[in-house]
Amino acid sequence: MVNGNEPMAVAACVEAAKKAVLPSFFQLNWRQYYAEDLNKGGWARLGSELATNPFGGPPRIIMIRIGENDKFPAEANEVLTRVRPKINPTNTLLLVVDSIPDERFKFFKDVIKEGLEVDCRPPVKEAFNKWLIDQFAARGVKLTKDGAKTMIDRLGDNPSILIGEAEKLSLFPGSKVVLGAKEVQQWVSLGPTAEIYELGLPLGSGQLERALPILMDLLSQNDPIPLLWAIGTHFMRLLRLKSFILANDGQVSEQRLAAAAGVSPGMLYRMRPQLDSWSFGRLKEALKALENANRALVTSRSSPAIILQELVVHLGCLGDSR
């Protein structure tokens with residue numbers, strides 16, 4: 001099982017698997033499925049394919065791709081658990097997952113216990129910033145620490161999106177420009193989840209002095225409604241995290257917690273400290289303020305900028321543990 005979404009590492013694993021198949025029988029012995037297709041057509045079809053002999057020389061490799069947002073039903077776990085001991089020794093089942101769908105499933109427990117997992121997860125914490133800097137360096141571009149942090153704030157922490165940006169910036173402006181925070185703000189557009197990272201995090205931490213300047217910058221480039229929705233998404237995730245931890249009596253792994261909140265492990269690391277500042281009562285007040293701001297944007301004649309500024313001040317004060 002290849003576990004993780006670091007693009008370069010995952011690509012290397014898949015390429016190595018392809019090279020193991022005899023070129024003359026590649027079309028017959030390399031099979032690739034997506035979870036979405038198997039969910040429609042049934043996982044049981046894998047049983048016969050994995051049990052029979054390959055065509056010509058071995059091995060036959062059957063790869064299944066499970067994306068972060070793909071459903072992995074109980075049927076899939078049951079089929080894979082039942083079929084695994086019956087796999088023909090000349091066949092290989094290769095699972096490529098962005099993250100383990102549910103580590104409570106027996107299939108995944110057994111795979112990890114037997115050391116059959118290849119860890120292709122991107123680094124977390126400060127190591128993720130260094131990873132991004134190294135990706136730019138490999139393409140001949142110097143990205144500073146502040147530049148890396150700003151880029152992650154604006155684009156999110158999806159490795160594929162960040163590598164795509166590195167490819168683009170290596171062509172223009174290229175190696176002639178050192179990319180610091182100012183340059184990243186100039187050349188990197190806000191991604192679809194950028195407001196969550198750039199504005200939601202300081203609000204969740206009660207850092208009003210950081211949040212207001214960011215809001216003014218975002219308002220100059222974005223419509224107010226998407227900004228409001230993005231802030232709301234951040235606070236809904238805080239509520240989901242707090243509820244999930246409480247429902248499991250605090251006994252929950254980081255991976256399950258990240259999956260429950262719909263965030264990457266790196267983003268979970270940045271959101272975790274915020275939970276201490278937010279009681280259920282204050283989160284309820286924050287969501288009520290968001291609802292009132294949404295109503296005001298639609299029905300009021302007040303300036304959208306003023307409505308969002310008032311909202312940000314309210315949320316920033318609620319989140320300030322001081």
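Reader: Which handedness has the β-α-β unit made by β3, helix α5 and β4?

Author: A crossover is right-handed if, with the strands pointing away from the viewer, the path from the first strand over the helix to the second runs clockwise. Here β3, helix α5 (residues 74-83) and β4 form a right-handed unit. As to the source, this is a predicted model in which local features need pLDDT of at least 70 and side-chain atom pairs count only at pLDDT 80 or more, while totals for chains, interfaces and linings use all residues. Residues are numbered from 1 along each chain as its sequence is written, and side-chain values use heavy atoms, with hydrogens and water left out.

Reader: How many helices and strands are there in the protein?

Author: Helices (H or I, at least four residues) and strands (E, at least two) are DSSP runs, numbered from the N terminus. The protein has 17 helices and 5 strands.

Reader: In which sense does β3 pair with β2 and with β4?

Author: Two strands pair if DSSP finds at least two bridges between them. Strand β2 (residues 30-34) pairs with β3 in the parallel sense over 5 bridges, and Trp30 stands opposite Ile61 of β3. With strand β4 (residues 91-97), β3 pairs in the parallel sense over 7 bridges; there, Leu95 is the bridge partner of Ile64.

Reader: Why is strand β3 described as largely enclosed by the rest of the structure?

Author: Buried means under 20% relative accessible area, exposed over 50%, and partly exposed in between (1.4 Å probe, protein chains only). Strand β3 (residues 60-66) has 6 of its 7 residues buried, so the rest of the structure largely encloses it. Of the 322 residues of the protein, 45% count as buried.

Reader: How do the axes of α13 and α16 cross?

Author: Axes are lines fitted to C-alpha atoms, for helices over the stretch in contact, and angles run from 0 to 180 degrees between N-to-C directions. The axes of helix α13 (residues 224-247) and helix α16 (residues 280-299) come within 10 Å and cross at roughly 160°. Angles under 35 degrees count as roughly parallel, over 145 as roughly antiparallel, 65 to 115 as roughly perpendicular and the rest as oblique; α13 and α16 are therefore roughly antiparallel.

Reader: Is Val263 buried or exposed?

Author: Val263 has 6% relative accessibility and so counts as buried. Val263 lies in the loop between α14 (254-261) and α15 (265-271).
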